[in-house]
Amino acid sequence: MIHRDATRSKERTAWLRLIVLPVFLLSLIGWPAPGAFTPHKKPSFLPTADAALQPVAAMPAPAGLNANSDLKADPSIQSGELANGFRFLLKQNQRPEQRVSVHLYIRAGSLNETDGQRGVAHFLEHMLFNGSTHFPPGELIRYFQSIGMQFGNDANAHTGFDETVYDIILPDGDAENLQKGLLVIHDYAMGALLKEEEIKKERRVILAEMRSRDSSAYRTLKATLAFEFPTFLVSRRLPIGIPQVVGQADRKLLKGFYDAWYRPENMVLVMVGDFDIALAQSLIKQQFDGFTPRAPAVAQPALGTIDHHGLNVFYHHEPEAGETTVRIETLHEEEPPADTAQRRGKELIAVLANRIVQNRLDALLKTPDRPFTSATVGSGLYMNRIRYSEISADGSAEEWARSLSAIEQELRRALLFGFSPAELERVKKDTRKQLENAVREAPTRNSTALAREMIRDIAESRVPLSPEQEQKLLAPLLEAVTIADVQKAFAERWKDEHRLVLVTGNVDLARKASRSPQEMIRNVFLTSAGSGVHRPTDETEPRFPYLPAPSDDGRIASREILGDLGITRIRFANGVRLNIKPTDYKTNEVLANLVFGEGRAAEPKSLPGLSLLTGPTLDESGLGGMDTNALERALAGKSTYVDFRIGETYFNFFAESVPGELELMFQLLYAHVTDPGLRDDAMTLVRERLRQEYQSGIRSIDGMLKIAGNRYLAGGDSRFGIPSLAAIDAIGLDDIRDWIMPQLRQAPLELSIVGDFDEAAVIELARRYLGGLPARNVQTTPSPPRADQPHLPVGRTHRIPVKTEIPKALLVAAWQTDDFWDIRRTRRLSVLADVFSERLRQQIRERLGVSYSPYAFNRASRAYPGYGVFQAHVNVAPDQVNAVLQAINAIASDLAHNGVNADEYRRAIDPMLTTIKEYRQTNGYWLNSVMTASSRAPQQYEWARNFIEDYQAVSAEELSGLAATYLVPKRSAALIIAPAAKSE
């Protein structure tokens, strides 16, 4: 990918808080499904530290502001505190229009549990969806659906180490919706019923969630935490809990935690969106003024200590992992610091230092003799209390020693010799641009993303700042930073007189070894530490563009304006097509797709896996005259990048840019078309990454779905799934070149651009850079269709055994449907899939309690005539497969014979209408669903015109008809992926 770092400016400058989360938690981050647990959350931008670990008395000052700070909060945020200590933060924001993002933050999570409560915080979070004062059991989700909210997307929650957060996305900010939304929040805060019969039902769901979350990564995480924090509570309080407690939890246990920690002074309500703040303040007062604690305050459990000395080595063998991770780190505890301008300045300098080292690791990755396939460096303050620094690398088991030596030496090189002026200037340019972009993008920030930023500020006892405030604070500091400053900051982050050295993953060091794994790791580390390292050499400053300017002879042959859609279509004399749509959906964003060729559907049968290697190889190769390392240095401080992607029916270069860099975007596209790069080193790296993915996949249930399951659902078609490693190894660079280059040189080009730009300027740039290219072969004959077209093997149940010790299975029930091109049918099948998903939730999750998150969807192909598969996916225990398959088939049979009732139709269509109205206000919709490849499929414009109206016209009768047509035994098949028997 070209200049991947530059795009991070699009993700918000709050990454400046810290560089990266500890690697030991990255495997489990993510905003989860309802009822999920997370040791940490993945923000919408670069990862940051988690919430502070503090007793109730040490909560943030009113409205989440740090009382000891010299920073002033974002003036657009209205804050308040009720007499009982309940706090709230309110902010008006119109993106998306009408919607309101509402969140209840509770400063309590698994670290607040006692030994006898392990898993109760997470269990309680589940229970708040299962009965409360104003919403009897089973009614809350129905209520969400009735007002156009989708459970999981618009109504969600998560439990972490030191927080629990409930999320609601209201479909409107009027008084009625605000009042009802706050009523739900009221019940979360003080209205849990915690009925024993509901606890018994939900217990099975949580045990199923434990099973679904079990993986080699999770097992590695648990073992690693025990090494890193042997006497600190984090290692013994993973939020999912333990079966012994969850399996016996009752109302008394849950209510004890609820009453102790769900207290008004322990909560902050965050609301961001299109609503009246004065009205919201009045409604908040009505709902929460009378909220009083139900029990005395409870002291925070003792957290323990972190006390590492000298060289400590850790080894954990996980045979089901696909790679080996080596890591060097330091950890110590410190008191939560005040959020001050000085602190943020120190964090900025530390980030700059880490970015320089990261750039070095990225450059090393591009060298022929690289020992690893990825590497990262980072430091920060986790949970506002645990100071960490780390450098890590992933690679093959055979290269673990070289990888460990490489990161040790890069770390020592930085500590011994520091950094160069050119390296500092590069990261300054990137940071400066990120600050500028954040200010430009501020007017159209997403409400939910903003709300989550505010929640993180609360959790970290930080003052919420606007992008303008951050730029005003940090830009002068950035300009003043010197080489000495960053060198000092990096040394400060690694000053601890200990090193933790970890080797985890699929390397088996205990096998036939005369020494213990720990001795082997220690020896490799000490040998490397005793070797010499050289001062890094300064690299020449590359320049882009390097190609001569194109001839200025492009000519417009035709122009068509689709006024109702705001789209202009242009055809140049050389056959290149241009589709453009200026929008104000998101300021400072420009997206583009340059489409050509036939895509994955044209992959030769003799070379299975060719598309899997071609896409990332072309991406990692850069340009003919400039590899990716040089290009990234040349584009320092820029926000434009280009990706190569392979779709089902076409190849495309995807570009993202900003209004001030439109010519750069065209220069990059022009260079990719006229001087593409294909490098052996890039292919070697991509092949090794694919090998690691394959090795991991063949030992996991989900991995085998990707490798073999999807291919089975396509009747064995080689364009689906991942072929054997032997097949991957048989593909050479010449095979890639012979497949992609003729299409890149000869196939017609179609460029679609949407976003914040001047239309006349874009047309002129397209004319100059693409309109003057040699004429393309507009009569290119498509590849003849292959005889082996994909199809669902109906009437069969196929089992795929997996060599895994993890006791879980994946069941896929499938029905043959049809291809994409009858859009009315495709849309209605998507609504039917939502109805099916809801029945799965009610019957498989709620009634049987055997699966955590079953779901259904319809996949309709654009490339293969007549091919579509309606699928239900359920993760279950291996011994439950047959019973669950019967239950799924019963759902399908009932829908086919009795149809969709009016109630479930309404609960499916209303949330979908809310979602598509919002989706229509995004650049991504117009680019990917309407404009891209529209010269091949001009009906996409009509689809855009009737998008909302056609969904509004969907009826229960139509859904019932589709169910009767497709959800029948003669169209069905089943796939079961489960652990192999011991003899297999």
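Predicted model: local features only at pLDDT ≥ 70, side-chain atom pairs only at ≥ 80, totals over all residues.
Phe 666 is in contact with Leu 751, Ile 753, Val 762, Leu 765, Ala 766, Tyr 769 and Leu 770, once neighbours within four places in sequence are left aside.

Helix packing comes next. Two packed helices are described by the angle between their axes and the distance between the axes. For helix α5 (residues 196-213) and helix α25 (residues 823-847), the angle is about 95° and the axes are 8 Å apart. Angles of 65 to 115 degrees count as roughly perpendicular, and α5 and α25 are therefore roughly perpendicular to each other. On the α5 side, the contact is made by Lys 201, Glu 202, Arg 204 and Val 205, while α25 contributes Arg 845, Glu 846 and Arg 847. Sorted by class, this contact of α5 with α25 has six charged residues, one nonpolar residue and no polar ones.

Among the individual residues, Arg 387 sits in strand β11, which covers residues 386-395. Arg 387 counts as buried because its relative accessibility is 15%, and the cut-off for buried is under 20%. Its side chain makes a polar contact with the side chain of Glu 334, at 3.1 Å. Not counting residues up to four places away in sequence, Arg 387 touches Thr 330, Leu 331, His 332, Glu 334, Gly 380, Leu 381 and Arg 493.

Thr 367 is placed in the loop between α10 (341-365) and β10 (374-382), and counts as partly exposed at 29% relative accessibility. The side chain of Thr 367 reaches the backbone oxygen of Leu 364 at 2.6 Å. Along the chain, Thr 367 and Asn 629 are 262 residues apart, yet their C-alpha atoms are separated by 9.5 Å. Val 794 lies in the loop between α24 (759-769) and β20 (797-802); its relative accessibility of 36% makes it partly exposed. Val 794 touches Gln 816, Lys 970, Arg 971, Ser 972 and Ala 973, not counting residues up to four places away in sequence.

The backbone has some features worth a look too. Most residues other than glycine have a negative phi, and most peptide bonds are trans. In the loop between β3 (87-92) and β4 (100-106), which contains Pro 96, a cis peptide bond joins Arg 95 and Pro 96, with omega about 0°. Gln 98 lies in the loop between β3 and β4 as well, and has a positive phi of about 75° although it is not a glycine. With a relative accessible area of 45%, Gln 98 is partly exposed. Pro 545 is found in the loop between α16 (517-529) and β13 (556-562). Ser 461, in the loop between α13 (447-459) and α14 (467-480), has a positive phi of about 55° without being a glycine, and counts as buried at 8% relative accessibility.

Conventions:
Residues numbered from 1 in each chain as written. Heavy atoms only, no water. Helix = DSSP H or I, 4+ residues; strand = E, 2+ residues; numbered from the N terminus. Buried < 20%, exposed > 50% of the residue type's maximum accessible area, 1.4 Å probe, protein only. Polar contact = N/O pair within 3.5 Å; in protein donor to acceptor, adjacent residues only side chain to side chain. Contact = heavy atoms within 4.5 Å. Axes fitted to C-alpha atoms, helices over the stretch in contact; angles between N-to-C directions. Parallel < 35°, antiparallel > 145°, perpendicular 65-115°, else oblique. Nonpolar A, V, L, I, M, F, W, Y, C, P; charged D, E, K, R; others polar.
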